[in-house]
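Keep the structure open while reading.

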Amino acid sequence: MSQLTINNVRITGMSACVPETVEDNLTLPIYHDENEARKVITSTGIERHHKVKPGTTASDLTVKAVKKLLADMEWTPEDVDCFAYICTSRDYIAPQTSCVLQHRLGLRGDCCVFDLPFGCAGWVYGMSIVGSMMSHGTFKRAILVAAETNTLNRSPRDTAVRPLFGDAATATALEYDSENAHPMNFVYGVDGSGFEAVWAPYGGIRNPLTHDALEEKEVAPGVFRRGIDMIVNGMDVFGFAIKQPPRSLKELISTFNIDVETVDLLLLHQANKFIDEKIRKAINIAPEKTPYCLEEYGNVTSASIPLTMVTRCRESLAGENKHCLACGFGVGLAWASMEFYAGGVTISDVVTY
């Protein structure tokens with residue numbers, strides 16, 4: 001059993017940036033008629049998503065989100081000791097995007113920066129990594145970014161993915177606080193045998209880019225995809241998602257003796273409303289304690305939990321401490337759950353790019 005407790009670190013601010021362009025699933029051209037679109041909306045809970053314009057990257061969204069956060073927190077770039085960038089749609093094969101962002105954001109030359117190319121469980125993993133680094137007290141302030149431009153690496157002619165995924169960048173401000181911070185508790189899990197449930201076969205070192213990988217092909221009736229496009233095997237993902245996340249949350253609850261009745265918020269990766277409701281019911285959390293933003297933003301992978309907090313929990317997190325559980329799950333196949341408290345958090349208005 002992999003578990004971790006982090007002390008002396010708390011969330012003090014959050015922000016988000018989403019693209020201006022919105023795609024409504026009801027009017028997507030990939031459907032034969034409106035009834036087909038309505039079935040997808042009903043089964044997933046996703047009505048629309050935000051999509052970047054050509055030439056825009058996740059790092060572009062990140063710059064706006066971080067600058068907004070710094071301004072609202074009244075931090076300067078020099079105040080940031082650690083900067084972590086969670087994203088799989090990196091700007092370049094090399095260097096890591098966090099290095100590029102250090103320059104664009106004006107962070108100190110001795111700031112600790114790194115990329116974490118994690119998917120749907122990325123924000124929870126990132127919280128544990130950055131939190132662990134900060135818990136000793138040498139790093140006083142950090143920014144954890146979770147960002148993704150899913151629409152750029154998924155086929156626009158793939159009915160299995162286009163309605164589901166959107167683009168966003170989020171920034172979470174963390175501070176060392178040995179007096180007021182509650183412990184953060186984590187459990188982890190991974191099943192690498194299922195890595196092909198969500199993957200892009202070509203474009204890496206294992207299967208380098210070829211002319212054939214750039215050619216769009218009909219892989220199923222009405223479904224067109226390139227070798228570099230992300231594949232989502234729906235049934236594999238569904239079987240995993242209704243099994244492992246509830247187990248992970250139950251393990252967290254059992255390991256750290258959590259009284260579920262005291263939980264104020266259950267923050268789930270915004271994958272699919274049907275799946276998330278199964279998870280919620282499995283641990284007996286009330287529906288009013290489980291916020292959703294997927295109807296408006298879709299699945300934004302690692303950014304989904306913090307985007308939910310920014311867009312749906314602003315008032316509650318600005319007040320007294322709220323007892324929170326979070327669970328991220330997906331690409332890998334990996335999952336991670338955490339317990340934390342959040343209160344007095346500065347949450348910025350969502351900005352657009």
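## Salt bridges

A salt bridge is counted when a side-chain nitrogen of Lys or Arg lies within 4 Å of a carboxyl oxygen of Asp or Glu. The model is predicted. By this rule it holds 21 salt bridges. Glu 23, Lys 51 and Arg 162 are joined in a network of such bridges.

Glu 175 pairs with Arg 141, with the closest N and O atoms 3.5 Å apart. This bridge links distant parts of the chain: Glu 175 sits in strand β8 (residues 167-176) and Arg 141 in strand β7, 34 residues apart. Glu 175 counts as buried because its relative accessibility is 17%, and the cut-off for buried is under 20%. Arg 141 is partly exposed, at 25%.

Asp 158 and Arg 225 also form a salt bridge, at 3.0 Å from N to O. Asp 158 lies in the loop between β7 and β8, and Arg 225 in strand β12 (residues 223-225), 67 residues apart. Both residues of the pair, Asp 158 and Arg 225, are buried. In another bridge, the side chains of Asp 212 and Lys 217 meet at 2.8 Å, N to O. Here Asp 212 is partly exposed, at 43% relative accessibility. Lys 217 is partly exposed too, with a relative accessible area of 35%.

## Nonpolar cores

The largest nonpolar core has 46 residues, of which Trp 123 and Phe 340 touch the most other members. Helix α4 (residues 122-134) gives the most to this core: six residues. Leaving out residues up to four places away in sequence, the contacts of Phe 340 include Ile 11, Trp 123, Pro 183, Met 184 and Leu 267.

The largest pocket has a volume of about 1200 Å³. Its lining comprises 34 residues, with Thr 88, Ser 89, Asn 153, Ala 200 and Met 230 nearest the centre. The elements giving two or more residues to this lining are β7 (141-149) and β10 (198-199). By class, the lining divides into 17 nonpolar, 11 polar and six charged residues.

The second largest pocket holds about 520 Å³ of space. It is lined by 26 residues, and Leu 164, Val 232, Gly 234, Val 237 and Asn 272 lie nearest its centre. At least two lining residues each come from α1 (34-44), α5 (234-241), α7 (273-282) and β15 (322-330). Helix α5 gives the most, with four. The lining of this second largest pocket has 16 nonpolar, nine polar and one charged residues.

Technical notes. Residues numbered from 1 in each chain as written. Predicted model: local features only at pLDDT ≥ 70, side-chain atom pairs only at ≥ 80, totals over all residues. Heavy atoms only, no water. 1 Å grid on protein atoms, 1.4 Å probe; cavity = no way out; pocket = protein on both sides within 12 Å on 5 of 7 lines; lining within 4 Å. Points joined across faces, edges and corners; volume = space filled by probe spheres on them. Nonpolar A, V, L, I, M, F, W, Y, C, P; charged D, E, K, R; others polar. Core = buried A, V, L, I, M, F, W, Y, C linked by side-chain atoms within 4.5 Å. Buried < 20%, exposed > 50% of the residue type's maximum accessible area, 1.4 Å probe, protein only. Contact = heavy atoms within 4.5 Å.
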